[in-house]
Amino acid sequence: MPARMRVAGSVSGSLYPARIYTEARGLFGGTARRVVMPGIRAIPIPESLGRDGILMALAATAHHAIAGGTTPDLIVGHGILGQLLARLTIAMGGPAPTVWETNPTRRQGDGYLVVDPESDARRDYGTIIDASGATDIVDALIGRLAKRGEIVLAGFYSRISFGFPPAFMREARLRISAEFTPEDLAATRSLAESGALSLAELISHVRPADQAVDAYPAAFEDATCRKMVLDWRQI
């Protein structure tokens, strides 16, 4: 295998690559020492990306959420998906977005503003992308939307409900973004290779694959964990 064609494991993935696990029900991807797939599903990545290349699929998922409409002026949630959405917005030529984050430890932006939503008085956002996955978020977002604005749901939700009259008054549009496409992957790779999109400093934790039992709770419960990667190289 060429050096640039590296296989690595990731605690969380996206819906699209999860389909390769034929004997397991993996809604959010999975991790394995060896994966066999059709060649059309594998892409080479620049050696210069190193372990950050693991993020290519998640970045493509973020690209899909943006590419379906106009670049967002508000992103909700500053986890790794929210950070990728913000970086991609700028890389794709859009103005730096505002990002809402309730956790004070996650309010460090990279060329964009990250604020507590309670401190933001703006109520005319044209495009809002939610990356929080909070099931009760839509009513709050509708109240911040401009006339004929759009809300993009890029998280995963068990159920969504909202009051109709405020949405009616704004003629609000609601869009759900799920799987990335090969076109999203190609566009994201191009942005990364050109240097417009940086994937650096998003992977915060790396554990050997035989420590997966401890890695999963840390990935989902530790607020300082932006992205947990399982390293299979010594297994």
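Helices (H or I, at least four residues) and strands (E, at least two) are DSSP runs, numbered from the N terminus. This is a predicted model, in which local features need pLDDT of at least 70, side-chain atom pairs count only at pLDDT 80 or more, and totals for chains, interfaces and linings use all residues. Residues are numbered from 1 along each chain as its sequence is written, and side-chain values use heavy atoms, with hydrogens and water left out. The chain has six helices and nine strands.

**Chain as a whole**
- Of the 235 residues in the chain, 41% are buried, meaning under 20% relative accessible area with a 1.4 Å probe, protein chains only.
- Among contacts (heavy atoms within 4.5 Å) with a separation of 6 or more, 54% join residues 24 or more positions apart.

**Arginine 87**
- Arginine 87 lies in helix α2 (residues 80-91).
- Arginine 87 counts as buried because its relative accessibility is 12%.
- Its side chain reaches the backbone oxygen of serine 198 at 2.8 Å.
- Not counting residues up to four places away in sequence, arginine 87 touches Asp110, Leu197, Ser198, Leu199, Ala200 and Leu202.

**Strand β5 and its partners**
- Five of the six residues of strand β5 (residues 125-130) are buried, so the strand is largely enclosed by the rest of the structure.
- Strand β2 (residues 74-76) pairs with β5 in the parallel sense over three bridges; two strands pair if DSSP finds at least two bridges between them.
- Isoleucine 75 has isoleucine 129 in β5 as its bridge partner.
- β5 also pairs with strand β6 (residues 145-153), in the parallel sense over five bridges.
- Leucine 145 in β6 stands opposite tyrosine 125.

Notes: Buried < 20%, exposed > 50% of the residue type's maximum accessible area, 1.4 Å probe, protein only. Polar contact = N/O pair within 3.5 Å; in protein donor to acceptor, adjacent residues only side chain to side chain.
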